[in-house]
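This briefing is for a reader who is meeting the structure for the first time. Look through the sequence and the model, then read the points below.

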Amino acid sequence: MKNILLVEDEFIIARMIENHLENMGYTSNEIAMSGEQALQAFQDTKFDLLLVDIKLSGEIDGIETVKKIREHSSVPVIYLSGNSDSQTFERSKQTSPVDYLLKPLKMEQLQESIEKTLK
């Protein structure tokens, strides 16, 4: 079974995504509410995919979090963002994500992206 780390600081959105992942047959061992929590979770557990919100509470945003993870791993990343501005998108491309999905999320689009990535 594939293991997905969800990095999302909005509790309701995180639970909605987690429920959808479970319905798809994936596990989400942990929901990280900040970049710092995500880095700790990544040290403790092997993940097959990261779903990362770009705007996070805490000291570092989602892109900086992924940059730090990229120092040790090439795990696939799908960004989830409410920002569609070109500057944010260009910053995200530096970390080689497999996808960049805009909020509000369409669960069918998220599912398709996950399935393409983990096949």
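A residue is called buried here when its relative accessible area is under 20%, and exposed when that value is over 50%. The model is a predicted one.

- β3 pairs with β1 in the parallel sense, over four bridges. Within this part of the model, valine 7 stands opposite valine 52 of β3.
- β3 also pairs with β4 in the parallel sense, again over four bridges. Leucine 50 has valine 77 in β4 as its bridge partner.
- Between β3 and β4 the chain passes through α3, and this β-α-β crossover is right-handed.

**Strands β4 and β5**

- β4 and β5 form a parallel pair with four bridges.
- Serine 81 has leucine 102, in β5, as its bridge partner.
- A right-handed β-α-β unit is made by β4, α4 and β5.

**Helix α3**

- Helix α3 spans residues 62-70, and its buried residues are Gly62, Ile63, Thr65, Val66 and Ile69.
- Seen down the helix axis, the buried residues of α3 fall within an arc of 155 degrees, so they line one face of the helix.
- The cover over these buried residues includes α2 (35-44), β3, β4 and α4 (86-93).
- At the start of α3, aspartate 61 has a side-chain oxygen that comes to within 3.2 Å of the backbone nitrogen of isoleucine 63.

**Helix α5**

- Helix α5 runs over residues 107-118 and has 12 residues. From its first C-alpha to its last it reaches 16 Å, close to the 16 Å expected at 1.5 Å a residue.
- The buried residues of α5 are Met107, Leu110, Ser113, Ile114 and Leu118.
- They cover an arc of only 125 degrees around the axis, which puts them on the same side of α5.
- An α-helix has 3.6 residues a turn, so residues three or four places apart point the same way.
- Glu108, Glu112 and Lys116 are exposed on the other side of α5.
- Elements that cover the buried residues of α5 include β1 (3-7), α1 (11-24), β3 (49-53), β4 (77-81) and β5 (99-102).

**Asparagine 3**

- Asparagine 3 is in strand β1.
- Its relative accessibility is 9%, so asparagine 3 counts as buried.
- A polar atom of the asparagine 3 side chain lies 3.2 Å from the backbone oxygen of lysine 46.

**Alanine 41**

- Alanine 41 belongs to helix α2.
- With a relative accessibility of 1%, alanine 41 counts as buried.
- Leaving aside residues up to four places away in sequence, alanine 41 touches Leu5, Glu30 and Phe47.
- Alanine 41 lies 22 residues from asparagine 19 in sequence, and the two are 20 Å apart in space, C-alpha to C-alpha.

Note on methods:
Residues numbered from 1 in each chain as written. Predicted model: local features only at pLDDT ≥ 70, side-chain atom pairs only at ≥ 80, totals over all residues. Heavy atoms only, no water. Helix = DSSP H or I, 4+ residues; strand = E, 2+ residues; numbered from the N terminus. Expected span 1.5 Å × (residues − 1). Buried < 20%, exposed > 50% of the residue type's maximum accessible area, 1.4 Å probe, protein only. Arc of directions from axis to C-beta. Contact = heavy atoms within 4.5 Å. Polar contact = N/O pair within 3.5 Å; in protein donor to acceptor, adjacent residues only side chain to side chain. Pairing = 2+ DSSP bridges. Right-handed = clockwise from strand over helix to strand, strands pointing away.
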